[in-house]
Amino acid sequence: MKCLRLATPVVAALASLSLPAFSQEVKSDSVAAVKTVATEDIYGSSPANAPAYKPPTWWQQIRVNGAVQTEFHFPVHDNLTAGEGYADKKVLNNTYFDLTVSAPYISLGGRFEFAKWPLPAFYKTPGYAGWGVPYFWATGKYKWMQLTGGDFYEQFGSGLILRAYNERNMGIDNSIRGGRLKLNPVSGLYLTALGGVQRYYWAHNPAAIWGADAEWSIDETFSKHFSYDYGVNVGFSYVGKHQGQTLKYVFDNDEFYRLFFPETVAAFDYRTKLRLHDFNVLAEGAYKSEDPCAYNNFTYGKGHTELLSVTYAKKGTSGFIQAKRSQNMRFLSDRMQNDLQGNGNINHLPAFSMTQTYTLAALYSYSTQYDGEWAFQAEVGHLFPRGTALGGRYGTNVRLSASYISGLGHMPNHAVASAPEGSNGFKPAYWKIGSLFYADANLEIKKKLTKDFQLTLFYLFQKFDLLVLQGHGGMMTTNTAVVEGQWKLAKKTQLRFELQYLATKADEGDWMGALVEVSFAPHWMVTLSDTYNNSRQVNGQWLSSRKNYYKAMVTYTYKANRFSLSYGRTRSGYDCAGGVCRLVPATNGLSLTYNYTF
């Protein structure tokens with residue numbers, strides 16, 4: 001049975017390759033045009049005697065598509081990976097195969113996953129290893145109604161009370177298994193109702209989740225009364241969680257106390273979006289009832305989040321400014337879990353910090369503090385046009401951004417988790433801003449110097465509280481500089497290089513990095529990179545740690561196929577995406593990756 005279970009999606013994928021008629025969109029206009037030409041050739045200029053055109057049948061409109069993603073890692077044991085637990089394995093692998101079949105009024109699909117011996121980043125994650133079909137669904141559509149049964153992803157608003165999503169590189173998949181109904185009865189009005197249980201690796205958490213969302217684009221409903229420069233959108237969401245009663249006994253002052261947990265927890269979200277000429281304004285708030293759980297040390301304080309964002313965009317200039325205050329907003333589908341990696345989370349709070357793409361700039365990334373934080377972020381970008389003093393011959397792009405994130409006033413770091421069990425937690429003054437968690441300032445300048453060469457200069461300043469964000473050390477300051485160049489050597493050949501340097505007097509000290517990448521369109525790309533920890537401070541003295549992390553990679557692309565072969569080392573540390581961070585181990589070895597879509 002296991003062999004049959006493993007072979008089923010593979011056979012389905014091979015079968016889909018032999019159905020070329022199903023992999024092309026049928027357009028009635030083009031079919032009719034071909035019919036006319038064909039009948040003229042056979043019957044002359046007048047197709048009076050030609051057979052009547054027949055539209056495609058239901059079977060002929062079936063479409064099959066999917067994707068295959070697999071990565072193999074062959075570990076090489078050395079002192080870098082000693083003690084990581086996976087180095088004695090000959091091969092590690094993560095494989096995903098998605099398949100979707102679509103037809104008029106109905107579509108269905110599923111995903112086969114194989115991670116019996118998962119990649120190093122997930123090898124030590126409890127519950128991650130396994131294989132099977134954890135994701136399958138069927139959707140029916142008729143006019144303005146859509147009904148889904150099985151597994152699905154969903155987000156209400158900004159995700160403050162519900163965000164079920166998949167981020168494979170982070171090992172996050174908190175899909176919901178159950179049912180979902182979507183309605184669009186009138187133009188601009190969108191209604192969603194859902195219910196089910198949430199995935200937790202190869203199982204599902206015990207809590208039942210249900211919810212509803214209503215979003216109304218008033219300008220879309222009354223389009224005759226609104227110009228393109230104005231728009232109004234309002235939304236409201238509700239999410240409920242039900243988990244059976246559990247008792248917890250607390251021993252304090254030589255006495256036992258019983259904690260009764262609420263079986264049902266309710267969360268609400270309300271939001272308003274305004275479009276005013278070149279401005280867009282979003283105001284959103286969320287509230288969560290008493291929800292004692294392992295993360296907040298089983299305290300009974302209520303949770304809430306308020307978010308305000310203003311964006312501006314006009315030809316050549318763009319920018320935004322936003323603020324967020326959150327307190328006790330970890331919303332879990334199992335109160336007894338404390339998974340900080342993102343699985344088991346019903347909701348998601350966005351991180352108000354710049355998403356870094358350069359290796360050293362991303363070395364110290366911010367992770368959202370669900371127990372409580374004040375967060376501010378602003379950015380402005382401008383294109384100096386050609387022919388101006390700063391624009392020069394080809395124009396110049398300049399972008400400046402900054403973030404400031406702190407705790408809540410009169411509230412110690414990780415205060416919710418440190419509050420006594422059974423209490424209502426801390427109640428800091430609303431407008432009071434607490435101690436600094438994270439701050440940064442980013443400056444990026446992109447300048448095309450010649451027809452074939454573009455230069456990018458990037459600078460990052462950071463203040464980073466290691467104790468709050470990583471559990472060790474204290475406040476640190478970093479300065480990171482990056483120079484990137486892109487040089488078109490020939491019509492199909494391009495060279496890209498990076499030079500990076502991170503300077504700090506804390507943690508592991510200074511880092512330097514370099515990258516050279518040559519692409520030969522449309523098939524080949526060769527990349528060489530190296531990151532070196534060139535200094536370390538011990539007892540007030542700087543010492544060389546001589547930690548060297550090199551990598552060589554070759555990538556080949558042919559049509560819908562993409563192969564990647566690499567060899568090298570990666571450092572242990574925190575990998576972050578969207579405010580969620582996970583600790584990943586050091587690796588050394590050969591990796592082979594293959595991606596295919598059909």
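Predicted model: local features only at pLDDT ≥ 70, side-chain atom pairs only at ≥ 80, totals over all residues.

**Entry 1: the disulfide**

Cys576 and Cys581 are joined in a disulfide, and their sulfur atoms sit 1.9 Å apart. I wanted to know how many disulfides a search of the whole structure finds. The search comes back with one.

Is Cys581 buried or exposed? Its relative accessibility is 13%, and the cut-off for buried is under 20%, so Cys581 counts as buried. I looked at Cys293 too: with 1% relative accessibility, Cys293 is also on the buried side of that cut-off.

**Entry 2: the whole chain**

I zoomed out after that. The chain has five helices and 35 strands. Of its 598 residues, 42% count as buried. The chain exposes about 30600 Å², and 61% of that comes from carbon and sulfur atoms.

I also looked at who touches whom. Taking the contacts with a separation of 6 or more, I found that 60% are between residues 24 or more positions apart.

**Entry 3: the nonpolar cores**

Which residues touch the most other members of the largest nonpolar core? They are Tyr364, Tyr366, Tyr438 and Phe464, in a core of 22 residues. Strand E23 (433-448) and helix H5 (466-470) are the elements that give two or more residues to this core. H5 gives the most, with three residues. I then found a second, separate core of 21 residues, with Val239, Val265, Ala286 and Leu349 among them.

Leaving aside neighbours within four places in sequence, Phe464 is in contact with residues including Tyr364, Tyr366, Tyr438, Leu469 and Met475.

**Entry 4: Ser406**

Ser406 lies in strand E22, which runs over residues 396-408. Its relative accessibility is 0%, so I put Ser406 down as buried. What does Ser406 touch, not counting residues up to four places away in sequence? I listed Glu373, Trp374, Ile433, Gly434, Ser435, Leu436 and Phe437.

**Entry 5: a nonpolar patch on the surface**

Some nonpolar residues turned up on the outside. Phe72, Phe74, Val76, Val91, Tyr550, Leu565, Tyr567, Leu590 and Leu592 form a nonpolar patch on the surface, and together they have about 660 Å² of accessible area. Strands E1 (63-75), E32 (561-570) and E35 (587-597) are the elements that give two or more residues to the patch.

I zoomed in on Leu565, which is found in strand E32. Leu565 has a relative accessible area of 42%, so I wrote it down as partly exposed.

**Entry 6: Leu489**

My last stop was Leu489, in strand E25 (residues 475-490). With a relative accessible area of 45%, Leu489 is partly exposed. Which residues is Leu489 in contact with, leaving aside its neighbours within four places in sequence? I found Gln494 and Leu495.

I also checked the spacing between Leu489 and Ser519, which are 30 residues apart along the chain. Their C-alpha atoms are separated by 10.0 Å.

Technical notes: Residues numbered from 1 in each chain as written. Heavy atoms only, no water. Patch = residues over 30% accessible without salt bridge, like charges linked within 9 Å, V, L, I, M, F, W, Y side chains within 5 Å. Areas by Shrake-Rupley, 256 points an atom, 1.4 Å probe, with all protein chains shown as cover. Salt bridge = Lys/Arg side-chain N within 4 Å of Asp/Glu carboxyl O. Helix = DSSP H or I, 4+ residues; strand = E, 2+ residues; numbered from the N terminus. Buried < 20%, exposed > 50% of the residue type's maximum accessible area, 1.4 Å probe, protein only. Disulfide = S-S within 2.5 Å. Contact = heavy atoms within 4.5 Å. Core = buried A, V, L, I, M, F, W, Y, C linked by side-chain atoms within 4.5 Å.
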